[in-house]
Amino acid sequence: MLLKIALPNKGRLSEEVRELFNDAGLEVKARGERALTASLGGEFEAIFVRAQDIPEFVADGAAHAGVTGWDLVNEAGRELELLMDLEFGKCRLVVAAREESGLTSADDVRSGSRVASCFPRLTQAFFEKRGQKVTVVPVSGAAEIAPHLGIADIVVDLTSTGSTLKMNGLREVATVLESSARLVACRSNVPEAQRKLEELKLALGSVLAARGKRYLMANVPKTALQQVREVLPGLNGPTVVDVLNGGNFVAVHAVVPSKTIYRTVNALKALGCEGILVTRIERLMA
């Protein structure tokens, strides 16, 4: 049974998804740059579609699973099973108003205000939940220009850093939804499909778990072992191994955060450690 996985066909999200699958041993092999399908390591079949269409493809059974933004999944409103958060493509769907509007929170939005957004369903639901009556103005892109053209009073738009909103004279006043890339699936009672999706989750999860981590090995003086344990907590504490003819040294292995590796190596050197080796981790299964 060859499961179909719907993947974004272009953009930054598409690049990050392909990188993740390649690192997980599910290499994306297409016949050409414009191919609509590809093999994923011979284990799955990828179909390339617009990110916003992926929830529909999965919900309708055209694909067994798919990767797209959580914002798009919620906007589609289809019943899908969330398998995992892939932890990239992070952004926020926010309410933003012109700097000179005087609005500082969603409570300040007046009844009858016009709201421009590429996410009309989420926008309507957000204000309805708050008991605020607004008129949603659907747009297909560049929502931030709407207040300047008089099309709308405020906008609901995606942002990651907020710089584009500020550049266009807008400021955030509320967060509607926090989003990132997610692996979603249609609900299935087929045991083989469930098994393969669990295997896919395990493969992708092992790559994500390894990111930001390094594997460190060092020869440590036995007299400094307790201090080294404090420097190298590892996943469950460092692994200590006797060294053949090591004399006063033992070998210590640990998984450490990459962002602190500089300080970690210097701390080990200060404790008299030798033969320090740091290497990348491709996959990590706890």
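This dialogue explains how to read several features of the predicted model shown above.

Student: Which conventions apply to the numbering and to the model?

Tutor: Residues are numbered from 1 along each chain as its sequence is written. Because the model is predicted, local features need pLDDT of at least 70 and side-chain atom pairs count only at pLDDT 80 or more, while totals for chains, interfaces and linings use all residues; side-chain values use heavy atoms, with hydrogens and water left out.

Student: Which residues of helix α4 are buried?

Tutor: An α-helix has 3.6 residues a turn, so residues three or four places apart point the same way. Helices (H or I, at least four residues) and strands (E, at least two) are DSSP runs, numbered from the N terminus. Buried means under 20% relative accessible area, exposed over 50%, and partly exposed in between, with a 1.4 Å probe and protein chains only. In α4, residues 120-129, the buried residues are Leu122, Thr123, Phe126 and Phe127. They lie on the same side of α4 because they cover an arc of only 125° around the axis, the arc being that of the directions from the helix axis to the C-beta atoms. Glu128 and Lys129, on the other side of α4, are exposed.

Student: Against which elements do the buried residues of α4 pack?

Tutor: Contact means heavy atoms within 4.5 Å. The buried residues of α4 pack against α3 (70-76) and the strands β7 (91-98), β8 (114-117), β9 (135-138), β10 (154-159) and β11 (170-179). After α4 comes Gly131, with a positive phi near 75°.

Student: How is a pocket to be read, and what lines the largest pocket?

Tutor: Rolling a probe the size of a water molecule over the atoms shows where empty space is left. On a 1 Å grid over the protein atoms alone, a pocket is an open set of points where a 1.4 Å probe fits, with protein on both sides within 12 Å along at least five of seven lines; lining residues have an atom within 4 Å of a point. Grid points are joined across faces, edges and corners, and a volume is the space filled by probe spheres set on the points. The largest pocket holds about 700 Å³ of space. Its lining has 23 residues, of which Leu13, Asp71, Leu72, Cys91 and Leu158 lie nearest the centre. At least two lining residues come from each of α1 (11-23), α3 and β10.

Student: Where does Thr159 lie, and what does Thr159 touch?

Tutor: Thr159 lies in strand β10 and is buried, with a relative accessible area of 6%. Not counting residues up to four places away in sequence, Thr159 touches Cys91, Arg92, Val94, Leu165 and Glu172. A polar atom of the Thr159 side chain lies 2.7 Å from the backbone nitrogen of Gly162.

Student: Is Asp107 buried or exposed?

Tutor: Asp107 counts as exposed, at 61% relative accessibility, and is placed in the loop between β7 and β8. Leaving aside neighbours within four places in sequence, Asp107 is in contact with Arg130 and Gln132. A polar contact is a pair of N or O atoms within 3.5 Å; within protein, one must be able to donate a hydrogen and the other to accept it, and residues adjacent in sequence count only if both atoms are side-chain atoms. The side chains of Asp107 and Arg130 are joined by a polar contact of 2.2 Å.
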